[in-house]
Amino acid sequence: LQDELARDIVNALRVTLGVESIRPLVAEQTTSLEAYNWFMRGRAVMDWGNLESTLKAIEFFEKAAELDTNYAQAWGYLAWARASKSFFRPSAEAAPGAIEAYRRSLELNPEQSEALTAKAWIKRTHEWDFTAALELYQRAIKAEDNSNAMITYSLFLWTIDLLETAIRYQRAIEQRDPMHAGYKATLANMLLWIGDTVAADAKAREALELNPRHIFALYAFIDANALLGNYAEVEALLGSLPPELLDWPPIRCRVGIYYAVRGDLERARQIYDDLMLNRSSANYPFLAHLALRLGEVEAAIDVMERGVAVNNWHASAIRDHFVIRQFDAVNNHPRYLALLERIGLDDDSVAKIHNKFSLD
C-alpha cells in the first residue's frame, strides 16, 4: 500500500512538474506477504554483534528471496548479510555468496542501496580497490540514506584518515536508532581511535547494556579500560564471559594487549605465542599490535602481511594510528611502507583519494 500511494504521488508530481524519469522513482518491493515477513524478520535480527545473528539473518533473507526471486531489496540485504560474515570468517568464504546476491539485486534495481553497500565492502576488503569502494558507498547513500551504507562508509572514512568526519556519520547513525548496540559499539571504537578514552568507555558500556556479548563493544571496553588503568573492571568482565567467547582468538588478542598494557608481559607473551600458532583465526592488525607491544617488530609485519594476503576485513587497520602507527618502530620500516603501498593505503594514494572526491 505504501508503494502504491508513493507511486501515485510521484506520478502526479511528474505530470505537474513536467518531468520524466529514466528509472522508477519508487522501487518495487514485493507483492508476497510471506516474502515480506521473512525479510522483516531478517532485518530484525541483523546485527554484526555475533556470527549466530548474522547467520540467522542470512537464513531469513534467503527465504524472502526464494519466495519472490524479483525482490531486489531482499537480495540487497542478503548481499550485505553475507558480506558481514567476513567479520567472523575469512573473506574468501564470505565474498562469493555476497557477490551472487548483490549482482542479482542490482540486475533488478541498479541503485539498490544495500547491494551497492555490499559491493563496496567486497571491493574494499576483498580487492583492496578503495577508489571503486568509495564511489559505490557514495552511490549507496545517495540512493537511500540507510544505516548499513552509512556505517560502512564511516569505517571507510576512518581508513583514509578522516576520523572526525567518520565520527560525525556514526553519531548520526546512533541517533537514528539509539537502541542498536552495534552502532554504539562502533562509535565507542572510533572514539578510542581518536584518543577519547573516557567517552569510548562510556559508549562501550551503553552498548553492553543493550547486548552484553556484543563483540565490538567488548573490544572497546577492554581496550579503553586497559588504557584507563581500570584493571579490576577488565578482570570482572573477563570473569563474566563464557569460555567459548573468552577463548575466541580476537577476544584473546585484546586480552593479551590488556596484559601488556598493565605490564604483565609474561601472560601477554603466553597469549601471543598461542595465537601465533593459529594466526588464521586472529584479528591480524591487533595481533600485530600485541607483537609490537612485546617488541616483535618483524613478526608484527609478518602478521600484517598475512592479514593482507588472506583479505582479512580489518587489515586496513594497519594504517590506524591507534592500532599500528603509534609504534615508531614500524612508521618508516620499508616492509611496512611497501605493504601500505601494495593495498593502496600509502600516504600518496590516500592523498589522491582526498583530492579526487568530496568526502565531507
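Buried means under 20% relative accessible area, exposed over 50% and partly exposed in between, with a 1.4 Å probe and protein chains only. Contact means heavy atoms within 4.5 Å. The model is predicted, so local features need pLDDT of at least 70 and side-chain atom pairs pLDDT 80 or more, while totals for chains, interfaces and linings use all residues. Residues are numbered from 1 along each chain as its sequence is written, and side-chain values use heavy atoms, without hydrogens and water.

**Exercise 1.** State which residues of helix α5 are buried and what covers them.

*Solution.* Step 1: locate α5, which comprises residues 91-108; helices are DSSP runs (H or I, at least four residues), numbered from the N terminus. Step 2: list its buried residues, among them S91, G97, Y102 and L106. Step 3: identify the cover, which includes α4 (72-84) and α6 (113-125).

**Exercise 2.** Classify the aromatic pair of F130 and F156.

*Solution.* Step 1: recall that rings of Phe, Tyr and Trp (its six-membered ring) pair if their centres lie within 6.5 Å; planes under 30 degrees apart count as stacked, over 60 as edge-to-face and the rest as tilted. Step 2: note that the whole structure holds 19 aromatic pairs. Step 3: apply the cut-offs; the centres of F130 and F156 are 6.1 Å apart and the planes are at 45 degrees, so this pair is tilted. Step 5: consider burial; F130 is buried, with a relative accessible area of 3%, and F156 is buried, with 0%.

Definitions and conventions:
Helices (H or I, at least four residues) and strands (E, at least two) are DSSP runs, numbered from the N terminus. The expected span of a helix is 1.5 Å times one less than its number of residues.
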